[in-house]
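Here's a quick briefing to go with the coordinates you're about to look at. Have a look first, then read on for the pocket, the ligand and a few local details.

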Amino acid sequence: MHRKLVVANWKMHGNLASNKQLLTAYIEKLSHLKNTDVVVCVPYPYLAQAQAMLQNTHIAWGAQNLSKDTVGAFTGEVSASMLKDFGATYVIIGHSERATAYCESDENIATKFMQAQQHGLTPILCVGETLIEREAGVMQMVVGSQLDTIINTYGAAVFANAVVSYEPIWAIGTGLAASSDQAQSMHEFIRSKVAAYDLAAATSLKILYGGSVNPQNAVQLFVMQDIDGGLVGKCSLNAQEFEGICRAAAQ
Ligand code: PGA
């Protein structure tokens, strides 16, 4: 089993004052945690604040998206090197809330994945199926094809320095998390899919689970063989709940 990784995804929440409180609480509660890495992915404008507050702690920070381009006339976009300027080390790629609302294609997501890696950021690639796809029993096919876009373009070795987060769309923000067996079975599929091309990359790949993780279900999820941690939305906005999740990972 890997050292666990817990990533907070604040989404579009917070302001300077509330972030200060939340980050102060994170630092108090989480700095001495052993066996677990903690990352907080903040909205772009607060990267500087995260950097100022977290730079001498064990908590890392990152962003929730990045541009697929390196530099140029792309109004409103933020490049990988800009994230690096603020000490970001991780970036979430292809979150379903973006893929649906902003029509991100798998090809776009693959390009962003490489942008992140080429600039020394660790991509956290989100994959997952809709409820209809799960009910139709095609969830592995869906997740497999999301991974294929990257494997076919860049090879499977790129997963050696990446994180994949399995996020069933029906579980995000619904309070209805996948069961630990459902999650484990998909995580095992993801690892074996990468292993079929590159065993070393599959072995070192961290696979997180995301979708209504809370301190209670985290205990069951994080003991599973192929679940290396979590990507946490709602519960990351509450320091106590987030601490509970991180402690479950540290056990
Ligand atoms: P949630 O969000 O924990 O609020 O379900 C998870 C995510 O979208 O990453």
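What volume does the largest pocket have? About 450 Å³. Keep in mind that this is a predicted model, where local features need pLDDT of at least 70, side-chain atom pairs count only at pLDDT 80 or more, and totals for chains, interfaces and linings use all residues. Residues are numbered from 1 along each chain as its sequence is written, and side-chain values use heavy atoms, with hydrogens and water left out.

**The largest pocket**
- A pocket here is an open set of points on a 1 Å grid over the protein atoms alone, where a 1.4 Å probe fits and protein lies on both sides within 12 Å along at least five of seven lines.
- Its volume is the space filled by probe spheres set on the points, with points joined across faces, edges and corners.
- The lining (residues with an atom within 4 Å of a point) runs to 19 residues, and Met12, Gln64, Asn65, Arg98 and Tyr102 sit nearest the centre.
- Split by class, that lining has 9 nonpolar, 6 polar and 4 charged residues. Asp, Glu, Lys and Arg count as charged, Ala, Val, Leu, Ile, Met, Phe, Trp, Tyr, Cys and Pro as nonpolar, and the others, Gly among them, as polar.

**The ligand**
- For polar contacts (N or O atoms within 3.5 Å), a polar side-chain atom of Lys11 is 2.8 Å from a ligand oxygen, and a side-chain N or O atom of Glu167 is 3.1 Å from a ligand oxygen.
- On its own the ligand has 280 Å² of accessible area (Shrake-Rupley, 1.4 Å probe), and the protein covers 97% of that.

**Aromatic pairs**
- There are 4 aromatic pairs, counting Phe, Tyr and Trp (six-membered ring) with centres within 6.5 Å.
- One of them, Trp10 with Tyr26, is edge-to-face (planes over 60 degrees apart), at 6.1 Å centre to centre and 70° between the planes.
- Trp10 is in the loop between strand 1 (4–9) and helix 1 (16–30) and Tyr26 is in helix 1, so the pair ties together parts 16 residues apart in sequence.

**Backbone notes**
- Lys11, in the loop between strand 1 and helix 1, has a positive phi near 55° despite not being glycine.
- Asn35, in the loop between helix 1 and strand 2 (36–41), also has a positive phi, near 65°.

Key
A polar contact is a pair of N or O atoms within 3.5 Å; within protein, one must be able to donate a hydrogen and the other to accept it, and residues adjacent in sequence count only if both atoms are side-chain atoms. Rings of Phe, Tyr and Trp (its six-membered ring) pair if their centres lie within 6.5 Å; planes under 30 degrees apart count as stacked, over 60 as edge-to-face and the rest as tilted. Helices (H or I, at least four residues) and strands (E, at least two) are DSSP runs, numbered from the N terminus.
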